[in-house]
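Here is a short report on one protein model. Look at the structure first, then read on.

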Amino acid sequence: MKKSLYVTSLLTLNFLLSTTGLFACPIQANQSHSKQATELNLEGETSSVTENDFDRLVEIASESYTGIFKRQGLKLKIDASWKDNTQNAYSDQSGQNRYIYLFGGYARHPLMDKDTYLSVICHELGHHLGGFPREEGSTWASAEGEADYFSTLKCMKYLLKDDPENERIALSLDLPEEVKNLCRNQHPMSNDYYICLRSSKAAETYGKINASLATPDSTVEISLLTPVTKRVHSTNLTYPMPQCRVDTKFQGALCNASIDIPMGYQDENKGACSLKNGNPIGARPECWFAQKY
Ligand SMILES: [Zn+2]
């Protein structure tokens with residue numbers, strides 16, 4: 001049963017990769033799914049994420065978001081294959097069906113941990129629920145930067161809000177005092193503060209993994225404390241650089257806008273932090289997003 005599902009997944013994905021509506025995340029797919037898995041030779045890769053963890057995280061996301069999709073007239077379908085070595089994740093849609101494809105290969109990346117993988121799932125959910133701006137040429141998918149922003153601005157906060165382990169996990173993380181202070185200033189309530197710390201650490205790890213996949217020999221440091229200072233003049237609707245994506249996820253974690261306000265599909269300020277909203281801390285970074293003032 002499992003094997004046939006796996007084969008079906010492979011065939012489906014190879015077909016989908018030949019279409020234009022599928023979004024590869026978190027890195028751009030330049031190769032076919034199966035070729036990517038073979039060339040990277042990931043058979044022996046292991047992380048702290050177990051198959052049980054992988055299944056549980058998928059279950060949490062699916063249980064928590066199925067109703068939210070349903071209320072928007074959409075059907076969430078998560079296809080998760082632990083055995084697949086692909087180091088990526090994908091989103092797609094067909095009519096009202098919204099698909100997310102997840103693979104063990106990315107969860108097994110040596111730097112991966114549970115919180116970071118949860119943020120990967122949240123990024124995929126963000127393609128479907130992240131609102132404005134949309135991916136270049138897409139009628140339905142939020143842009144990569146926006147999916148990153150949604151992942152910490154809404155999704156991590158929503159999925160972790162009732163986690164009894166928030167305090168224990170958050171206080172075990174190695175994070176700079178500057179990050180802790182920013183999280184504390186933005187989130188005076190302890191549970192919100194702990195989630196901010198978990199999301200921030202996951203953001204940094206996510207960036208390091210993406211950087212290692214995109215440019216394996218790069219010595220550029222990825223850190224919460226080294227944000228990109230270059231500003232774009234027009235919004236980047238494709239793939240921001242790994243450090244910029246860390247910055248985006250960090251700002252999403254810092255933003256204190258309510259998770260109950262969904263993202264806007266026309267209004268960039270709805271549900272978000274922005275200068276116009278009077279809360280520029282936590283706004284989308286200008287390394288990819290050209291704010292309207
Ligand atoms: Zn993506």
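Two residues are in contact if their C-beta atoms, placed from the backbone, lie within 7 Å. In the protein chain, residues 24 or more positions apart account for 65% of the contacts with a separation of 6 or more.

This is a predicted model: local features need pLDDT of at least 70, side-chain atom pairs count only at pLDDT 80 or more, and totals for chains, interfaces and linings use all residues. Residues are numbered from 1 along each chain as its sequence is written.

**Confidence**

pLDDT is the predictor's confidence in each residue, from 0 to 100. Its mean over the protein chain is 87, and 85% of the residues reach 70 or more. Two stretches have a pLDDT below 50, as the table shows.

| Stretch | pLDDT | Contacts beyond near neighbours in sequence |
|---|---|---|
| Residues 1–20 | below 50 | 19 contacts |
| Residues 30–42 | below 50 | 21 contacts |

**Fold**

The protein chain has 10 helices and four strands. Helices (H or I, at least four residues) and strands (E, at least two) are DSSP runs, numbered from the N terminus. Along the sequence they follow the pattern α-β-α-α-β-β-β-α-α-α-α-α-α-α.

**Cores**

A residue is buried if 20 or more other C-beta atoms lie within 10 Å of its own, exposed if 12 or fewer, and partly exposed in between, with C-beta atoms placed from the backbone. Of the 293 residues in the protein chain, 46% are buried.

A nonpolar core is a set of buried Ala, Val, Leu, Ile, Met, Phe, Trp, Tyr and Cys residues joined through C-beta atoms within 7 Å. The largest one has 60 residues. A89, L102, Y117 and I121 have the most contacts inside it. Helix α9 (residues 190–214) gives the most to this core: nine residues.

What does Y117 touch, not counting residues up to four places away in sequence? Its partners are V49, L57, A107 and M112.

**Helices α5 and α9**

Helix α5 (residues 114–129) packs against α9 at an angle of about 80°, with the axes 8 Å apart. Axes are lines fitted to C-alpha atoms, for helices over the stretch in contact, and angles run from 0 to 180 degrees between N-to-C directions. So α5 is roughly perpendicular to α9, a label for angles of 65 to 115 degrees. From α5, D115, T116 and S119 meet residues of α9 including R198, K201 and Y206.

**A cis bond**

F132 and P133 are joined by a cis peptide bond, with omega about 0°. P133 sits in the loop between α5 and α6 (144–160).

Terms used:
Angles under 35 degrees count as roughly parallel, over 145 as roughly antiparallel, 65 to 115 as roughly perpendicular and the rest as oblique.
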